[in-house]
Amino acid sequence: MREKKQDCWKIVYNSFDPEKESLREALCAVGNGYFVSRGAVPESSASEIHYPGTYMAGVYNRIPSHIAGRTIYNEDLVNCPNWLCLTFRVGDDEWFCPSSTTILFYRQELDMQGSTLTRLMRVKNWKGQITTIKTVLFVHMEHPHLGFMRYCITPENYSEILSVRTMIDGSVRNTGVERYRKLNSKHLVIQKKGLFSPSGIYLSAQTSRYKIKISLASKTGLLCGKKKLAPRIQNFSSNETIGQELVFKAEKNRTYTALKTAALFTSNDDVSHPLDAAIRLVRKTHGFKNHLASHHRRWKRLWDKVDIQIAGNAFSQKALRFHVFHLLQTASPNTVKLDVGIPPRGLHGEAYRGHIFWDEIFILPFYDLHFPDITKTALLYRHRRLPAARRYARENGYSGAMFPWQSGMRGQEETQVIHLNPLSGKWGPDHSRTQRHVSLAIAYNVWEHFKRTSDVNFLRSWGAEIILSISQFFATLVSYDPFDGRYHTSGIMGPDEFHERLPSRPNEGLKDNAYTNIMIAWLLRRAVELIEILPDREKKRILKKLKCKTSDLEKWNDIAHKMAVYMNKDGIVSQFDGYFSLKEIDWNKYRKKYRDLHRMDRILKAEGRSPDDYKISKQADFLMLFYLLPLSEVKEIFQQLGYPFSREHLKKNYEYYLKRTSHGSTLSRVVHCFIADIIGRRDEAWKYYIDVLESDLHDTQGGTTPEGIHTGVMGGSLDIALRGFAGINTLKDRIHVYPSLPKNWRKMRFKFCYRKKWISVSVTNSFFSFLIHGRKNESFPVPIQICGKLHYCVQGRRYKVKISKPFVR
């Protein structure tokens, strides 16, 4: 059935489904880049059905756990005190919760355009009393410390004493991921709680190890129509909670509205006393409707910059908006003042413990083209942790900066030492920390940010130091073999993640992962180019600071020309040295035996086998290169290394590795979609793109989304839309455009920012139209190459270019 136009802004559920509630809580979370609250019903607490959670950017804590006969330490993004708690009861009946009552009508609506979550319910208790409850929840985008809830109760067939209970719950734990539940989950120590006014409560907690203060204050007022009520107030508290009951006589068919306002501050904020700041803000905050209106206005300004409009396919439209929406809730202009990265599971749950991985390589292109200051924030998070990365490199015998695979608050390695296999129930060693390519991803992000923004000041002040420090690390990671005249890597893991070592080699890690080796060559090429870009004074300063000599630069250039890559006679590049000697796996046999093959590593280990023995991959490894770099640049690197490579080589390698990939990561289909598109397999690309769009909305990974949305796949879907289908590629000296829309996209409209100039675009498969905003002749023309033809375009003039035939990328 064709969706109505306005439905493309909304996620709607017309029934209450306990089995899907945890998924809906993640999908319907509301936030503003400072904090996110899961879309749990306010009447609930953590249970097998519900998991309310509020997560604040940059709030981590480290605690020990005793597991598998040893003590391990894990750092987690902390589940902060729950401010949402609000419910009611009729007379002396039980407190209302949707999962324990008879529901006559239910509708839940997430409005992405205005970032509000609305629920409407008709419920009946055991006495036959029918009540309508309507809640509206939003986390303020304009005022990032504020959250609001409007809770309306209408007794339909009775008049009775009603009690409304409001609370701040500090007893919360980090128990949102089942496989982590055997680990210590208590991060908060309650410091203070009490009342600051007759209707105002507060609670202040502190994380047990890092001593971060988390302070919340809230007030709840009661109305009937526009009339303020004066209910009888009963205060209550426990060791970890503080709350109030508002008791009043309710009359049949009248609506009673509880308005709850909450403020959240931490000691990470630029305030002397977080609790005082929270109380002051709640005291002076009035007017639910006015704040909702200013919240909507702020979102309207955001959508004006970021909305991607699709004509012809309603699902694509809705899914892309859903992805933009959740990215902006995770990292928004409110994030710019914070010292944070962008977690791969957003601020929506506890999977991956809220750590920062390499996923930003998929996420930051969206921010570069719309909010480059947010990209800058994520990169400054890395720069501030350069000292930790240098320590990590020294501890492992290297120079320069080696960033950890998983990073948290302080920049040390946060990858778990042991990991639970949920299929076997056994704990085993986790070697994923050897994924040194995370440092390559960081350097790539810095370079791409510079390319898209031309921010020389950022490059001089921070970016160059990051790239050159990472280059120093990789120059010491590689080793030269005079026998073959090549530089080699060892003891590492590629993006694949299923392979930890070769069967014949007992030491952990692989030798000469192709993706890593080629990206090292790319990095050192860029490092040499970077030094040439820097002004002489800055060049001398940074080389002196890093103790980088002319001989070091000469070595970098030598490495960039001599990295080892293995290719067989058919032109297939070996994922790593020894890959071709591994056994093939009988995919048909395993498909018959197991419903879900995404995590073939866990299946094989549960059977007593090892994925190290087989030609299987979790996700794109060697192929990842072609997602990051234009084919022309990959060919240049191969030629520089002395190897042949062509479009035919890419097609062969795509077909070879696709057959051996389980797509155990949501990111896998992003990469395969992009490559299928550039090699002309358009139907296959579209199939993968639908998988990408459905991944969180339909929880296609089988239960992972309730633990947190996937910001990497969301960013990847937007990157494919803009860079792949619309064909917008930002090069060093121009914008390169080669549009090729999917068959059922009639038109695509969007804006993007290129070097401080906003450009509006409308694209079909026949025309590419655009406008560079600004006054005519106000600045230098922008070089835009469309399907091979170069145009020098000025501000304030509309352009419409005919696309005469498909353009081969």
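This is a predicted model: local features need pLDDT of at least 70, side-chain atom pairs count only at pLDDT 80 or more; totals for chains, interfaces and linings use all residues.
**Aromatic pairs, helix packing and selected residues**

At a relative accessibility of 0%, phenylalanine 138 counts as buried. In total, 44 aromatic pairs are counted. In the pair formed by phenylalanine 138 and phenylalanine 148, the ring centres are 4.9 Å apart and the planes lie at 10°, so the arrangement is stacked. The stacked class applies because it takes in planes under 30 degrees apart. This pair links distant parts of the chain, with phenylalanine 138 in strand S10 (residues 130-139) and phenylalanine 148 in strand S11 (residues 146-155), 10 residues apart.

Tryptophan 686 and tryptophan 745 form an edge-to-face pair, with 6.2 Å from centre to centre and 90° between the planes. The two tryptophans are 59 residues apart and connect distant parts of the chain: tryptophan 686 belongs to helix H19 (residues 682-697), whereas tryptophan 745 is found in the loop between strand S26 (735-737) and strand S27 (747-754). Their accessibilities fall into separate classes. Tryptophan 686 is partly exposed, at a relative accessible area of 21%, while tryptophan 745 is buried, at 1% relative accessibility. The limit for the buried class is under 20%, so the value of 21% places tryptophan 686 in the partly exposed class.

One aromatic cluster is formed by Tyr352, Phe357, Trp358, Phe362, Trp405, Tyr627 and Phe674. Tyrosine 352, one of the members of this cluster, also has a positive phi of about 60° although it is not a glycine. Most residues other than glycine have a negative phi. Tyrosine 352 is placed in the loop between helix H4 (314-330) and helix H5 (360-368). With a relative accessibility of 31%, tyrosine 352 is classed as partly exposed. A positive phi also occurs at histidine 663, a residue other than glycine, where the value is near 55°. Histidine 663 is located in the loop between helix H17 (647-658) and helix H18 (666-678). At 7% relative accessibility, histidine 663 counts as buried.

The helices on either side of the loop that holds tyrosine 352 are H4 and H5. H4 and H5 pack at an angle of about 90°, and their axes are 12 Å apart. This angle makes H4 roughly perpendicular to H5. On the H4 side the contact is made by Val324, Leu327 and Leu328, and on the H5 side by Ile363, Phe366 and Tyr367. By class, the contact comprises 6 nonpolar residues, with no polar and no charged ones.

A further helix pair consists of H9 (residues 456-477) and H12 (residues 550-562), whose axes come within 11 Å and cross at roughly 65°. H9 is therefore roughly perpendicular to H12. The crossing of H9 and H12 is left-handed. Leu468, Ser471, Gln472 and Ala475 in H9 meet Lys555, Trp556 and Ile559 in H12. The contact of H9 with H12 is made up of 4 nonpolar, 2 polar and 1 charged residues.

Two individual residues were examined for their surroundings. Leucine 195 is part of strand S13 (residues 188-197) and is partly exposed, with a relative accessible area of 37%. Not counting residues up to four places away in sequence, leucine 195 touches Gly200, Ile201, Tyr202, Asn235, Ile242 and Gln244. The separation between leucine 195 and valine 417 is 222 residues in sequence and 44 Å in space, C-alpha to C-alpha.

Glutamate 707 is found in the loop between H19 and helix H20 (711-725). Its relative accessibility of 11% puts glutamate 707 in the buried class. Leaving aside neighbours within four places in sequence, glutamate 707 is in contact with Gly176, Val177, Glu178, Arg179, Arg345, Gly349, Glu350 and Ala351. H19, at one end of the loop with glutamate 707, is also the helix that contains tryptophan 686.

Methods. Residues are numbered from 1 along each chain as its sequence is written. Side-chain values use heavy atoms; hydrogens and water are left out. Axes are lines fitted to C-alpha atoms, for helices over the stretch in contact, and angles run from 0 to 180 degrees between N-to-C directions. Helices (H or I, at least four residues) and strands (E, at least two) are DSSP runs, numbered from the N terminus. Angles under 35 degrees count as roughly parallel, over 145 as roughly antiparallel, 65 to 115 as roughly perpendicular and the rest as oblique. A crossing is left-handed if the near helix is turned anticlockwise from the far one by less than a right angle, and right-handed if clockwise. Contact means heavy atoms within 4.5 Å. Ala, Val, Leu, Ile, Met, Phe, Trp, Tyr, Cys and Pro count as nonpolar, Asp, Glu, Lys and Arg as charged, and the others, Gly among them, as polar. Buried means under 20% relative accessible area, exposed over 50%, partly exposed in between (1.4 Å probe, protein chains only). Rings of Phe, Tyr and Trp (its six-membered ring) pair if their centres lie within 6.5 Å; planes under 30 degrees apart count as stacked, over 60 as edge-to-face and the rest as tilted.
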